[in-house]
Amino acid sequence: MNFTRFKNRIFILIFMAILVFPWIAGGTVRIFSKSTYEKLSVVETEKRKLSKIEWTNLLNTGESISNYVDDRIPFRYTFISWYNKLDGAIEAKYQLVETAIGAKLYKPEEKPAAPKKEVADVKEEVVEEPVEEVSPYEQFFPLNVNNDVIIARDGWLFLYGENEIECYQGSNVLSQEEMQVWVDKINNLQSICDAKGKELYIYIAPNKSSVYYKYMPTVDIVNSWRRIQQLYEYVNTNCATPFIYPLEEELVATGRYQVYYKYDSHWNHTGALFGVNALYDKMGVPYQDPSAYIVGPTMAERYDLYSYMGVPDSAITYDDAEMLIDYKPDIVVDGLNIQAKINRTTSNGQIDKKLCFLGDSYREAMMPYIAKDFTHCSFIHRDYMNSAKEDIKNADIIVIEAVERFDYEALSSVQKVINTLSE
């Protein structure tokens with residue numbers, strides 16, 4: 001037998017074994033211990049339903065099949081954790097070496113000495129030039145990843161996986177063709193909404209690392225003009241639909257208040273109110289500065305990133321705080337439940353319209369404010385849109401939201417709303 005042919009067959013067998021082994025081993029583990037299988041396989045970085053195959057859309061795209069398989073690969077969590085630990089360790093060593101080499105090679109530019117003026121019998125006073133201080137947040141800080149969580153400066157925690165680090169480094173920018181897909185779908189949905197008398201808004205909530213970048217570790221920045229910034233500019237240039245990305249509002253707010261949780265990936269109630277105001281600004285809805293509703297400081301509610309790292313409650317440092325907000329106390333809301341995947345509310349608010357808000361977990365902190373301003377609201381987690389088609393069809397206003405690291409989910413939601421309104 002030809003040696004090359006034999007070698008190729010061996011490689012093919014190895015490749016097939018790599019593909020098949022996780023499914024066989026995973027199936028075996030699941031039969032004997034389902035809890036062990038879930039511990040090794042289920043990724044809980046974002047609490048969401050597993051992807052399903054969109055049978056009605058298979059002729060247009062096979063993405064749903066790919067997502068279905070990706071979400072169910074046995075040992076997925078284990079493989080991702082191994083990859084992140086290895087990648088984080090390599091990145092940390094690389095940054096250390098890079099910093100050391102840079103310190104050796106870098107020499108500050110020597111300024112030519114000014115010529116001395118000779119003045120008889122006059123002692124020249126020596127004036128020392130002020131030394132420029134380097135902010136501690138600009139100094140090197142190694143990347144340290146624990147179970148998809150970055151342990152950053154001053155003890156802040158950030159997500160590493162689920163596209164967070166790629167968004168921060170600017171390594172996942174879209175091509176013009178990919179951004180044009182956004183434009184085409186948004187324009188398509190906008191034309192449908194116009195024909196049905198509906199308002200449409202696309203809303204991307206900023207990543208925590210985009211707002212509190214000063215706490216992030218030292219990593220290579222591939223592109224400082226990041227994916228969402230390019231997409232924001234392209235969509236707003238080519239679409240009439242308001243495309244909202246309230247990064248500037250949140251950055252300005254950080255000078256006054258803490259707007260994201262220290263130990264969770266979400267914005268807190270203050271950050272959410274600034275985010276709601278950015279939405280209202282595009283809607284033309286009057287709003288007040290959040291300071292008008294702030295009562296005082298209180299303990300922070302969310303410490304989820306500790307849980308992702310497997311830290312027991314007894315070992316958690318409960319030192320995070322946020323502002324307690326009493327928003328429009330005279331308005332009464334019925335039915336509000338921010339934990340519900342489908343939540344319908346009524347109120348005696350000022351805006352007598354039906355608002356349908358389709359989004360992810362970032363919507364939860366926004367719900368108490370929006371529910372007080374609109375008389376009828378439907379807050380739908382995007383994974384449950386098929387169970388809320390009537391809410392979408394009956395809405396006067398549709399808001400499609402996704403956090404920055406999952407911006408593509410907003411695009412998927414746009415297509416689902418197109419399908420629903422076209423039925």
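Okay, let's start with what I'm calling a salt bridge: a side-chain nitrogen of Lys or Arg within 4 Å of a carboxyl oxygen of Asp or Glu. Keep that in mind, and keep in mind too that this is a predicted model.

D391 makes a salt bridge with R344, and their closest N and O atoms are 2.8 Å apart. D391 sits in helix 13 (residues 389–394) and R344 in strand 9 (residues 342–347), so this pair ties together parts that are 47 residues apart in sequence. If you look at the two ends, D391 is buried, at 13% relative accessible area, while R344 is partly exposed, at 48%.

There's also a network here: D264, R302, D304 and E364 are joined into one by salt bridges that share partners. Inside that group, the side chains of R302 and D304 meet with 3.1 Å from N to O. D304 is buried, with a relative accessible area of 18%.

How many salt bridges turn up in a search of the whole structure? The search finds 16. One I'd like you to look at is D407 with R227, at 2.7 Å, N to O. D407 belongs to helix 14 (residues 407–421) and R227 to helix 8 (residues 227–238), so here the parts being tied together are 180 residues apart in sequence. And are these two buried or exposed? D407 is buried, at 1% relative accessible area, and R227 counts as buried as well, at 13%.

The largest nonpolar core has 87 residues, and the ones with the most contacts inside it are M283, I370, I398 and I400. Helix 10 (residues 269–283) gives this core its largest share, eight residues. Take M283 as an example: leaving out residues up to four places away in sequence, M283 touches Y201, L355, F374, I397 and V399. Apart from that core there's another one, of twelve residues, including V149, L159, Y261 and M309.

Last topic, cysteines. The structure holds zero disulfides.

Conventions. Residues are numbered from 1 along each chain as its sequence is written. This is a predicted model: local features need pLDDT of at least 70, side-chain atom pairs count only at pLDDT 80 or more; totals for chains, interfaces and linings use all residues. Side-chain values use heavy atoms; hydrogens and water are left out. A nonpolar core is a set of buried Ala, Val, Leu, Ile, Met, Phe, Trp, Tyr and Cys residues joined through side-chain atoms within 4.5 Å. Buried means under 20% relative accessible area, exposed over 50%, partly exposed in between (1.4 Å probe, protein chains only). Helices (H or I, at least four residues) and strands (E, at least two) are DSSP runs, numbered from the N terminus. Contact means heavy atoms within 4.5 Å. A disulfide is a pair of cysteine sulfur atoms within 2.5 Å.
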